[in-house]
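This report concerns the model shown below. Please keep the sequence and the coordinates in view while reading.

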Amino acid sequence: MAAADAGVTDMSKSSRKNDRSVSVTLAAATCALLGTGVPAPVDAQEEPKWDFNTSLLYYGEDGDRVQDASLKSIIRRLFADDKSLSIGFTVDALTGATPSGAIRQDTAQTFTRPSGNSAYSVPAGDLPLDDTFRDTRVALTANWQQPAGEKGLLSIGMSTSKEYDYFHLGLNANYAHAFNNRNTTLSAGIAMASDSIEPVGGAPTPLSAMLDVGDVSNRNGDQDKDVMDVVFGVSQVISRDLVMQVNYSYSYSDGYLNNPYKVLSLVDGDTGDTLPRTTPLPPDGGPSGQFLFENRPDERTQHSLYTQAKYNMDGKVLDLSYRYMTDDWEIDSHTVDVRYRWPIGSRSYLEPHVRFYTQSEAEFYRLSLDSSQELPAFASSDYRLGNFDAITAGLKYGWKTRSGNDMSLRVEWYTQSGTVPGDQLIGNQTGRDNYPDLNALIVQFSYRFSR
Amino acid sequence: MMKMRILSAVLLLAVCAGCSSMGVEPWERDVLAREDMQLITDPLEAATDDHIYFSKEASSGGRGFGGGGCGCN
């Protein structure tokens, strides 16, 4: 983004400087609306032509669950007349195990792998984790930005990503307009995505049973979904030390919204234990009990309200934000995020960060399916649709090198703990630890330089 | 949903109505122009966080578009 250089070339030096800072604010508001993949403004004084921003991330969950090593880069080229092109590139290498959705049992359980080619076992008492999760994700973004008139900033972009079992293609556009002596910026953005889901072995028929190894008769090939996002925002300079932003976002998803790998245990209505299979286990293996693939509605509408304030206190900066989200799956969530940037000398800073998140469960969230009752039309035991709280706590240290480049290292812990609604617990489920709590370590090193 | 729309409209109007009397003069923008006062200070970190929370929680976006482009949810 050409934000910092946004001064009009024929202006006087002082007004040009003012215009630059206005543009920084304007551009930041646009950045905020564009979400990910748009670089921050660069130092106005140096007027660099290139901006390179790169980071290495390690994300690791305990208990042999998901591990991600990720390289992200954003390269920005600045042109004349405050136009700029940003290209973003991400590679993720993912491994580890993820909860299958089945419940714990007092006996060992076996499951057919998503590919349908083999089976795996889970010891008695353990949370069923599918350990076949392994993927590489490559994502590309491109974003063009230019002034539109004297007070406007127009931005258009595209994004694409590819995983073994997923393909994403998206377009987005955003316009921001400054008013009121450039103290107020109104912006509007739209993003459309068309994604295709290409599950290993094909997408299973919703609510059909997990079949024996080699039997793929319930698989339906690839699926797709479309997502539209609309964001309206206002950012307002309140005082010399305080700037605020309020965004309203609307998101509509339409198509295949299931997780093709998640199942639910079909349980006895009295004991709450998984029903055993009804036929002898074939030589190649298969599920030890009865498990049904999940089914979610094929539409979802989300609304969210996001507000953020940045407040300067004698050089220290408080960054406070709150988001409320509600959707027609009956999930409500609240997120509070607090960062405090504390300069140490003129070249470095410490930034503690705390985030609190809480969500209620989707109306179709079920720990398991009761075989004594009629099957619901929609059901998922995905822990991410359950009722849980999450806390992130971390610390970042940033410094400027002698050559003027920026480096930072942050270490954060993320923890989720959830509860299954009491009225969903049947028989033996009552005494068990049913919710797959999560603990993760996040380490990120970032490096940024301009030329 | 309707409630949410009305709430957003009222908030937007309230914010806008208050706007004209708020703000600073162009020569008072020294602090606001600082990199650490931008709404998104570190875009790579913001993108990383959006991606992590998109994959682990049922909410996404707010700050910007709703993330996505990932089979992780």
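## Basis and confidence

This is a predicted model, in which local features need pLDDT of at least 70 and side-chain atom pairs count only at pLDDT 80 or more, while totals for chains, interfaces and linings use all residues. Residues are numbered from 1 along each chain as its sequence is written, and chains are lettered from A and ligands numbered from 1 in the order in which they are written.

The model has an ipTM of 0.87 and a pTM of 0.87.

## Chain B

Chain B contains two helices and zero strands; helices (H or I, at least four residues) and strands (E, at least two) are DSSP runs numbered from the N terminus. Of the 73 residues in chain B, 52% are buried, that is, have 20 or more other C-beta atoms within 10 Å of their own, with C-beta atoms placed from the backbone.

The mean pLDDT (the predictor's confidence in each residue, from 0 to 100) is 80 for chain B, and 63% of its residues reach 70 or more.

## Positive phi in loops of chain A

A:Asp314 is not a glycine, yet its phi is positive, at about 50 degrees. The residue sits in the loop that joins strand S14 (299-313) to strand S15 (316-327). A:Asp314 counts as exposed because it has 7 C-beta neighbours inside 10 Å, the limit for exposed being 12 or fewer.

A:Glu330, also a residue other than glycine, has a positive phi near 65 degrees. Its loop lies between S15 and strand S16 (332-344) of chain A. With 12 other C-beta atoms within 10 Å, A:Glu330 is exposed.
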